[in-house]
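Here's a quick briefing to read alongside the model. Have the sequence and the 3D view open as you go.

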Amino acid sequence: KVGGGNKDAGGSDSRFFTTQKKGEMHELRLELHSTDRNTKVDAVKKVIASMTVGKDVSMLFTDVLNCVQTGNIELKKLVYLYLINYAKSQPELTLLAVNTFVKDANDPNPLIRALAVRTMGCIRVDRITEYLCEPLSRALRDEDPYVRKTAAVCVAKLYDINAELVQERGFLEVLHDLISDSNPSVVANSVAALSEIAETSGQDVMKISASVLQKLLAALNECTEWGQVFILDSLSKYVPADSREAEGIIERVTPRLQHANSAVVMSAVKVILSYMEVMAGSGGASADSIRNLTRKLAPPLVTLLNSEPEIQYVALRNINLIVQKRPGILESEIKVFFAKYNDPIYVKMEKLEIIIKLVSERNIDQVLLELKEYATEVDVDFVRKSVSAIGRCAVKLERAAERCIGVLLELIQTKVNYVVQESVIVIKDIFRRYPNRYESIIATLCDNLEDLDEPQAKASMIWIIGEYAERIDNADELLDTFLETFEEEDPAVQLQLLTATVKCFLKNPEDTQDMVQRVLDLATEESDNPDLRDRGFIYWRLLSTDPEAAKLVVLGDKPVIEDDTYRLEPHLLNVLIGQIATLSSIYHKPPEAFVVRARSNMPDLSGVVDDDEEEDEEEYEDENDVAAAGGAGGGVDLLDMGGMGISDQPKAAAAAGGLGDVFGGGDSYEPKAVMTQVCAADKSGGVNIMAGFRQLQNTIKLELTFENIGSAIPVSSLAIQLNKNALGLSPVKQQIVLNPPVAQGSSGSATVDLAVTPAMLAPVPDGQPASPQIQVAIKNMASGAVFYFAAMFALEAMFGADGALERTAFIEQWKSIEDRKELFGTLSDLPPASIDIEQVIAKFAANNVFFIARRPVPNAEGQEVVYFSMKTVTGMEFLCELTFKAGVNAAKACVKTQNVSYGPLAKAAIESLLRN
């Protein structure tokens, strides 16, 4: 009867998720105090169901907690699940369960002992951690392997909460001892825990010795499949002493290639690939050994392609890396990568990538037939990728290029719009790879001009017309058809039209003079695109001053494009091969590119008190609390804001405002302009010009230095004008007076005050970084000479005096900015003053970069992090984190901002301040 009741309850658990009626909490409370065991279990299940769907049932905490005093393991599991969920919000009440945890950790039933230790490890409350150590210490030496393997994982959880405690209690040494355990599951969990701790700490706590290695290999055959994955991953990080040891390990690992679990197979492949590098590098292994291993790796990889589509995709992404590292493994298996009609599109796309990597002169005919078939499919994206693949085969294999072009011409004859357009794009690449070989097909391409309506296809066709204008009788007429819609075209098409028209003019000036004039007018006067205008002005000046130079520039020999089949850098490829069977191998990015660890730039509000006065009164207590929390990993204020008294703020404010007596002396920093040569004497009538930007007394200034090298007329009066720019800057006054005049052989300086003018703002295209370039025109009023130059603006000259943030506002803003809007960089070879944090704070304050807080980095001796905020006079805000290490003349910089286009300029400003 009891069995039947359990079955009924277990088979219909969905009833606990039905909508609760009014007054349910009161009924639940009564049921939780029921003497009937089944009623009590059902009540806790209802509470868990409500908690699962997001309802607040924390008011039942004490009632649920009372149910923990039971011998029923099902009920105990449910109560522990509830405790884990609400422990953080009810830490004081959770302490009431401590006696039960300690008691359960000594229970005769090993399942209950393990459950108690596991639950205590999951409850991240500092004071619970104090009580965890003794039960955990006993559990690690428990007679039952189930308890030991649970305790091993609990050590990793405890390390995440309080690393110092784990080291003090010697738990790491116990984990090392457990690697020698007789039970393979305990060994696997110990390895998993040590691997997790190694990743968290960044230290090699695994320390695989010869004896440990043998124990790992022995456990490999007996533990569960996921245990095998942990052990294999650890082995992949081990560096064998020589090729003989590597071969021995590979021999023990090779049977895993036949495992049913794809994760085990991929981990085994990772181990073998990494050890093959050792064998090849040490020179002790024969070529036959490497060749035999290569042959053994192919069948398991091919077998993975018979799995579900999702596993196929993961396998294909990994195979993509493997064939880049060792193409020989699958060179004769290209057929298995031919797409099936029922493959999902993501699998088909990945198979195409691998086909291109494996194509060779032996199999090109077979591949071309397959790709031609794909080009008749219904999925447009797949068809485009297939046509592109034909072009990439031509670029990769010189002897097969003609056959590839033949297939492309056949596809163009189908007159299918997107096929024609993709064909034109890849034929342009073939022309660039093999110049002056296949131009006979240009006539066929010109016949299909009316089918082109996509920017990339148009741009490719226009490039072909411009590049081979002398071979096309009506090249000017063809370009003229595109010019009718010049202003509506995509920027890429406009740029190609401009270049192609200039090429046509240089090859046939008589017939195209009017056309080139019209294009230059459109590019320079009618367009708002700065790239197009810049290129238009360059061509205009080239054509008007030196047509022969224009021919050398525009019609010069272009570098032949390279085959990009193996696109990953060798170093990155080696990193990714070491990450096979992880997310890195799917994203094709190193872990640090997409994994955000619990780093110093993730502030926690738990340590910050909103009321400044209350914080000031409790400053001493707060500091102690933060120190304790920092050790325990609980509510840690990672910016160390909680321990920063209100008295710290005036120090930063003083530095920001008066830049006063920072080091006890009377010196203060004054922003200096970094001067660079912007115009050589031979370009500006014999006057050498240097320029730089700075801010002084809340005014942006352009500093100019004039050195008269070859002008007989003294430089005394100038007029200045700025082009539209990404910062909207323009001169307050256009006249520059040099007094005394700069005679030949002497030099002089001038300062131009700049203001932000909305009308001078050049919009930044979406997704593009803002250009720091300020285009300047100066006229020498005495000689009448006009000269042009571009100066690189320093964004620190735009930082305003109102850029300081309150600590809480800084944290809120930092957390609100997405990780993808972060910019990182390492600044090396810094001058000594730029690694002295006090001096950096003072220098930054002089440039309106405001100090927020500083703190040591936990578990990283000698490292310190400093936070700053700044705001431009146009209202753009930037947050900065600098990490310094004692004795190292370098710093790591992280800049966060919602104004992503201007982020690189802010990062460059920080770097400039540190370097100069």
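In helix 14 (residues 210–220), Leu213, Leu216, Leu217, Ala219 and Leu220 meet Gln228, Ile231, Leu232 and Leu235 of helix 15, where contact means heavy atoms within 4.5 Å. The residues of that contact split into 8 nonpolar, 1 polar and no charged; Ala, Val, Leu, Ile, Met, Phe, Trp, Tyr, Cys and Pro count as nonpolar, Asp, Glu, Lys and Arg as charged, and the others, Gly among them, as polar. Keep in mind that this is a predicted model, where local features need pLDDT of at least 70, side-chain atom pairs count only at pLDDT 80 or more, and totals for chains, interfaces and linings use all residues. Residues are numbered from 1 along each chain as its sequence is written, and side-chain values use heavy atoms, with hydrogens and water left out.

**Helices 14 and 15**

- The axes of helix 14 and helix 15 come within 10 Å and cross at roughly 145 degrees; axes here are lines fitted to C-alpha atoms, for helices over the stretch in contact, with angles running from 0 to 180 degrees between N-to-C directions.
- Helix 14 passes helix 15 in a left-handed crossing, a label used if the near helix is turned anticlockwise from the far one by less than a right angle (right-handed if clockwise).
- Asparagine 221 sits in the loop between these two helices and is partly exposed, with a relative accessible area of 46%. On this scale buried means under 20% relative accessible area, exposed over 50%, and partly exposed in between (1.4 Å probe, protein chains only).
- Valine 253 is 32 residues from asparagine 221 along the chain, yet their C-alpha atoms are separated by 9.1 Å.

**The whole protein**

- The secondary structure comes to 39 helices and 14 strands; helices (H or I, at least four residues) and strands (E, at least two) are DSSP runs, numbered from the N terminus.
- Of the 916 residues, 49% count as buried.
- Take the contacts between residues at least 6 apart in sequence: 66% of them join residues at least 24 apart.

**The second largest pocket**

- About 1000 Å³ of space lies in this pocket. A pocket is an open set of points on a 1 Å grid over the protein atoms alone, where a 1.4 Å probe fits, with protein on both sides within 12 Å along at least five of seven lines; points are joined across faces, edges and corners, and the volume is the space filled by probe spheres set on them.
- The lining has 35 residues, of which Glu199, Asp233, Lys237, Gln579 and Thr582 lie nearest the centre; a lining residue has an atom within 4 Å of a point.
- Elements giving two or more residues to that lining include helix 13 (184–201), helix 15 (225–237), helix 17 (262–282) and helix 33 (583–587).
- By type, the lining divides into 16 nonpolar, 10 polar and 9 charged residues.

**Buried residues**

- Tyrosine 275 belongs to helix 17 and is buried, at 1% relative accessible area. Beyond its neighbours within four places in sequence, tyrosine 275 is in contact with Leu235, Tyr238, Pro240, Ala246, Ile249 and Ile250.
- Isoleucine 250 is 25 residues from tyrosine 275 in sequence and 7.5 Å away in space, C-alpha to C-alpha.
- Serine 584, in helix 33, is buried as well, at 2%. Not counting residues up to four places away in sequence, serine 584 touches Leu576, Gln579, Lys589, Pro590, Pro591 and Phe594.
- Valine 47 is in helix 3 (residues 37–52) and counts as buried, at 0% relative accessibility. Leaving aside neighbours within four places, its contacts are Leu28, Leu32, Val57, Leu60, Val64 and Tyr82.

- Most residues other than glycine have a negative phi, and most peptide bonds are trans.
- Lysine 415 has a positive phi, near 65 degrees, in the loop between helix 23 (401–413) and helix 24 (417–433). Lysine 415 is partly exposed, at 44%.
- Glutamine 697 also has a positive phi, about 50 degrees, and lies in the loop between strand 2 (687–696) and strand 3 (699–708). At 74% relative accessibility, glutamine 697 counts as exposed.
- The peptide bond from asparagine 739 to proline 740 is cis, with omega near 5 degrees; proline 740 is in strand 6 (residues 735–742).
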